[in-house]
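Student: I am new to this structure and would appreciate a guided discussion of it.

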Amino acid sequence: MSKIFSFGFWNSVARMILRNRIVIILLVVAATAFLATQWKNMRFSYTEANLLPDDHEANLTYNSFLDTFGEEGNLVILGVKDSSLFTPEKFQAWTALNQELENYPEIDHVISISSLKKLEKFNDPKRFEMVPFIKEDNPSKEELKAYENELFTSLPFYENLVYSSHSNTIQSALYINKEIVNSEERKDFVLEKLRPLIGEFEEMHGIDVKVSGMPYIRTLNSQNIIDEIGLFILAALSVTSLIFFFFFRSIRATVISMITVCIGVMWAFGVIGLLHYEITVLTALIPPLIIVIGIPNCIFLINKYQQEIKKHGNQAKSLQRVITKVGNATLMTNVTTASGFATFILTDSTLLKEFGLVASINILAIFVLSLLIIPIIYSYMSVPKDKHLKHLNKRWIGGFVGWMERMVRHNRIAIYIVSVLLLVASIIGIYTIKISGSLLEDMPQEATFFQDIKFFEEEFDGVMPMEILVDTKRPKGVLKLSTLKRLERLEEEITDVPELSKPLSVVRLVKYTKQAYYNGNPKYFQLPTSQEQNFIMPYTKGMNAGENLLNSYVDSTGQYARITTFMKDIGTDKMERIEENLWPEINKIFPEEQYDVSLTGKALIFQKGTNYLVKNLVISLSLAILLIAIFMAWMFRSFRMILISLVPNLLPLLVTAGMMGFLGIPIKPSTILVFSIAFGISVDDTIHFLAKYRQELKANNWKIKRSVYAALKETGVSMFYTSIVLFFGFSVFMISSYGGTVALGGLVSATLLFAMLSNLLLLPSLLLSLERSIANKEVMKEPAMKIIETDEDEEEISKEEHNHPE
């Protein structure tokens, strides 16, 4: 196995690349062109992220609900809190707006005050009919005042459906066609028709219209993600190119690196399109991630090329040696980084699988692109001049490396004390971490649509639907009086929960028929007795009253009933507590032998998905640690070295988890990625250090102290360079308007900074303190993979070059 990755192998790779430059360039161009054609297959997510496996019980329950009642999230609501709305001019304008909306093919029907009807009783023949409130096209001021008074005082049927129970706020309910609610047509309707129409109406009539509902929220949220992808890519390119230029002081080197990572970004989009994956909050992070992770590859390769030029001035030999000497190191760092992402593939969550697969493929792809493009482009350019190599002589970083050496040499006890204190504090912080399953928490809180969500939460007690499906186990079982009374009791329990809105169900319609029977008297808005039911029944025959409501809340067989309530934006803890409190009441009201009851809805699915994700965090992180430990065991062939190397990489993860607890950053789909990503990247520094340390041990006749300090001096600079690039690169995500993305960027940056210090202070300290147990050739055997060339390798490379001249 070790022969495969020998320098002889990389020498052959170098010759192959440099002898076939034109062919390789054409292949890269062809691959880029092909992947660019796949961009058309990229789809932006039009639904909330489903974090659960397809066969999870919660998903099966939700799908069963959809099969019975169809898509639940097809309601867009327009809200107005304006006392002058019931004046002739503004009422007519509001009527015109709602009529125009109802004419759109994307809208099935609209419920609004302008077209509202009330149920009336007629005796010859006995019947109920829906009669318009406003019979005239141009109602007078007095008629509108009377209508307003009747609506808010005498029609509890329309409470929280058309008007708010808290104030005089009214809303229009737009029911979007269920066929398009999860398609691009919904996006076109919301962005190109609905929003411009509302904006024009507000400007013309001076009425502030609030808009919400899940289809609307999803559309604007998806658009926000699309807008931020470009922002992230631009910011990542700007930050990394500035840092790169600061290090190298070379426009040429900077441009070459930017070309490389830009092609990597094009490939990333192409892979997403090729696999027909959706752009989600997670996959949107991949293109800028490729830039951040790709730049260190460019630093390694260009730095090595310039060192070789400075050493002997031969361009052909320098390019060959760049690939030969840096090939193993860059392959290894990219493989370990990709491993951190690849562990998500092994989870059962489709969202995480897609993210892990695309990220790991593209991390390896950017390695291949760097190894091909940089040497080939430089081969066509002139040899770097002395001014391009000046940065190699700079020793401004020497002070930092000197400080680290002094700390390790004289203050190891202090390093251990600080490490233990950090560990204890982190464990305390970990116990305070909360889990968040909120659909809205990560959305941009400064956005207008988020402010509108808060408006509807205050006025109508929430916008996120929670559904209760009741199976009566017999046809027409829903309309039996005993079932209706049970439904009413459950609704009363739901109404008592402050985080939930007043429920909607068929019970409302049945209560309204009794009120209509008693000539609209609101005190009779209640379920009829069995005797009253016999009187009312003749009036309901052939009745179309509330037909849409009846179809929405009772299935065609009359066996299934649906209760819909809307939730406020509450966290996982509250949601779980509400669910735990509801179930005993549900089981008491609906005996299991007579009824099957299930709780579902998008918000509930998301909350359960977040809990599921936390379990997967432990699995994916454990897999990442195991995978990388096996990789290091194969490379260093030493169990003790694995244990020593894992300590400085696990401590930063614990510190980050503790920080999340103390800063109140919850575990959620976005922040859950931090640990596997950071571990996969930070372990690269450890492997670099240990590889150099092992080489120094051999050169210094197994003298631990001398080898540790030599390795620290040698690797400290490169670790600092790459850590700075990664720190500022990941910090780019903090410009996001999404709280979760901001937290992800900040936490990964902090973790990588801790990891650098841990690898440069704690790791060498451990090696020095445990020198007796590891200072022998048995513990530090010849590695399976040569990461850094030795003098013997230098001679071998020279012989290879002599035997196979370009």
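Student: How many bridges join strand S9 to S11?

Tutor: This is a predicted model, in which local features need pLDDT of at least 70, side-chain atom pairs count only at pLDDT 80 or more, and totals for chains, interfaces and linings use all residues. Residues are numbered from 1 along each chain as its sequence is written, and side-chain values use heavy atoms, with hydrogens and water left out. Strands (E, at least two residues) and helices (H or I, at least four) are DSSP runs numbered from the N terminus, and two strands pair if DSSP finds at least two bridges between them. Strand S9, residues 464-471, runs antiparallel to S11, and the number of bridges joining them is five.

Student: Which residue of S11 is the bridge partner of valine 470?

Tutor: Isoleucine 468 of the pairing stands opposite leucine 599 in S11. For valine 470, the bridge partner in S11 is valine 597.

Student: In what order do the three strands form the open sheet?

Tutor: S9 also pairs with S10, in the antiparallel sense, over eight bridges; there, valine 470 stands opposite alanine 561. Strands S10 (560-567) and S11 (596-600) each have a single partner strand, so they stand at the edges with one side left without a neighbour in the sheet. The order is therefore S10-S9-S11.

Student: Which helix packs on the sheet?

Tutor: The helix touches S9, S10 and S11, where contact means heavy atoms within 4.5 Å. Its direction makes about 170 degrees with that of S11; axes are lines fitted to C-alpha atoms, for helices over the stretch in contact, and angles run from 0 to 180 degrees between N-to-C directions. The helix, residues 572-589, is H20.

Student: Is S9 largely enclosed or open, and how many of its residues are buried?

Tutor: Buried means under 20% relative accessible area, exposed over 50%, and partly exposed in between (1.4 Å probe, protein chains only). S9 is largely enclosed by the rest of the structure, because the number of its residues that are buried is eight of the eight.

Student: Is isoleucine 22 buried or exposed?

Tutor: Isoleucine 22 lies in helix H2, residues 21-37. Its relative accessible area is 53%. Isoleucine 22 is therefore exposed.

Student: What percentage of the residues of the protein count as buried?

Tutor: The protein has 27 helices and 11 strands. Of its 806 residues, the share that count as buried is 59%.
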